[in-house]
Amino acid sequence: MKRKILQNLILLFLLTAGAVILTSCGGKRSAIGNEDEIIVLADSMEYDALKEILHDVFADTIYTPQPEELFILNRKGIGSLKRYQNRKNIIITAPLSSGSNTSRYMNSVLDSTVRNMVNEGKEFIFNKYDLWAKNQLVMFLTAPETEDLIEKIGNNKKQLIQYFQKISDQRLFKNLYNAKFEQKKVEAQFLRDYGWIIYVQADFLVGKNSPEDNFVWLRRAPGTDMERWLFIHWIEDASPSFLEVDSVYAERNRMTEKFLRSSDDKAYVEISDDIITTSEVNFKDRYALMTQGLWRMNDKSMGGPFINYTFYDEDTRRIYMLDGSVYAPRYYKKKLIQQVDVLLKSFFTESELSEDKISDLLSELD
């Protein structure tokens, strides 16, 4: 309830900032800019003080296996707001009490009730979606003093990065999804035979479909230097107790050794122990283990990044393992692994689908 009240307050104070907000909300264009860029509007001296913690949160290094920054921060002065207000990702940050240009801007747009909550340490982050452009996130970060702001940003790292990752995934899926090129018949077969669906783009092929092993492998551009693949694996009559790291790693390795093999059948995919992390996440309102790391052929001939979600579904009493990988040795792979991640999130079990959706899909098989 408090969050909704705050959102209404933020909408109110933003609408009073007439000098910087579009006068007509009906004519907004889509936000522009690189998907992985965040424009940070802050005074230079304040940014110097905040730079380390902001980079720690938003520009964390991922390995694909090349080191790549999750987001690239691009600092601009608040005087550049009009020029950059149509970008996809924006952070406006300053302590309330500093008297800097950005701080004065913050005080001019913050409702007095909100300012009091900031000064009392109750809130420090305010998000506004579609403020100056469609599909945009503008994040306001503030606190009474610089030290307070650094502490709050550091203590809320996971929450802060997820805001930008979520909207980035939403924008990417809109670009990836095209009903004209959707393989509905393939999706319908999965629904009829297995009780789940996943969005299948036109250029994906069904590489493996093994009902006896509860395993489906989808491949894009096989045999090229920019290959992506997904697999869906499930365990019947399972228990949530399966959800521990060693079991996930062992099951993934078991499946990839059996199905993801070289053309001469002499080598197979396995998890590389060089870089791997597993964390607890919410996957569509289910407790899940998300594993990110590197895969490799066991003969070390090739490799790349992968992402894996493993969770228990109460309705079907199944353990589901959704996995996406990239092989693109000549390219940076951050954007490619995000694409397969977004596709994995298009997974739904039958109980999550409306009757109309089920009917529409199954009609493809008539």
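In what order do the seven strands of the open sheet run? I started there, bearing in mind that this is a predicted model.

**The sheet.** I read the order as β9-β10-β11-β15-β14-β13-β12, with antiparallel pairing. Then I looked for the edges: β9 (204-210) and β12 (269-282) each have a single partner strand, so one side of each has no neighbour in the sheet. I also noted the twist, which averages 15 degrees from one strand to the next.

I followed β12 to its partner, β13 (residues 287-297), and found 10 bridges joining the two antiparallel strands. On this pair, I see N282 standing opposite Y287 in β13.

**Helix α9.** Next I turned to α9, residues 245-259. Its 15 residues reach 21 Å from first C-alpha to last, close to the 21 Å expected at 1.5 Å a residue. I checked which of its residues are buried and got S247, V248, E251, R252, M255, T256 and F259. Looking down the axis of α9, I find these buried residues within an arc of 150 degrees, so they line one face of the helix. At the N-terminal end I have E244 as the cap, with a side-chain oxygen 3.2 Å from the backbone nitrogen of D246.

**Helices across the sheet.** Which strands does α9 lie across? I list β9, β10 (215-220), β11 (227-235), β12, β13, β14 (303-313) and β15 (318-327), and α9 runs at about 135 degrees to β12. For α10 (residues 334-344), my list is β9, β10, β11, β14 and β15, and the helix runs at about 155 degrees to β15.

Key
Residues numbered from 1 in each chain as written. Predicted model: local features only at pLDDT ≥ 70, side-chain atom pairs only at ≥ 80, totals over all residues. Heavy atoms only, no water. Helix = DSSP H or I, 4+ residues; strand = E, 2+ residues; numbered from the N terminus. Expected span 1.5 Å × (residues − 1). Buried < 20%, exposed > 50% of the residue type's maximum accessible area, 1.4 Å probe, protein only. Arc of directions from axis to C-beta. Polar contact = N/O pair within 3.5 Å; in protein donor to acceptor, adjacent residues only side chain to side chain. Pairing = 2+ DSSP bridges. Axes fitted to C-alpha atoms, helices over the stretch in contact; angles between N-to-C directions. Contact = heavy atoms within 4.5 Å.
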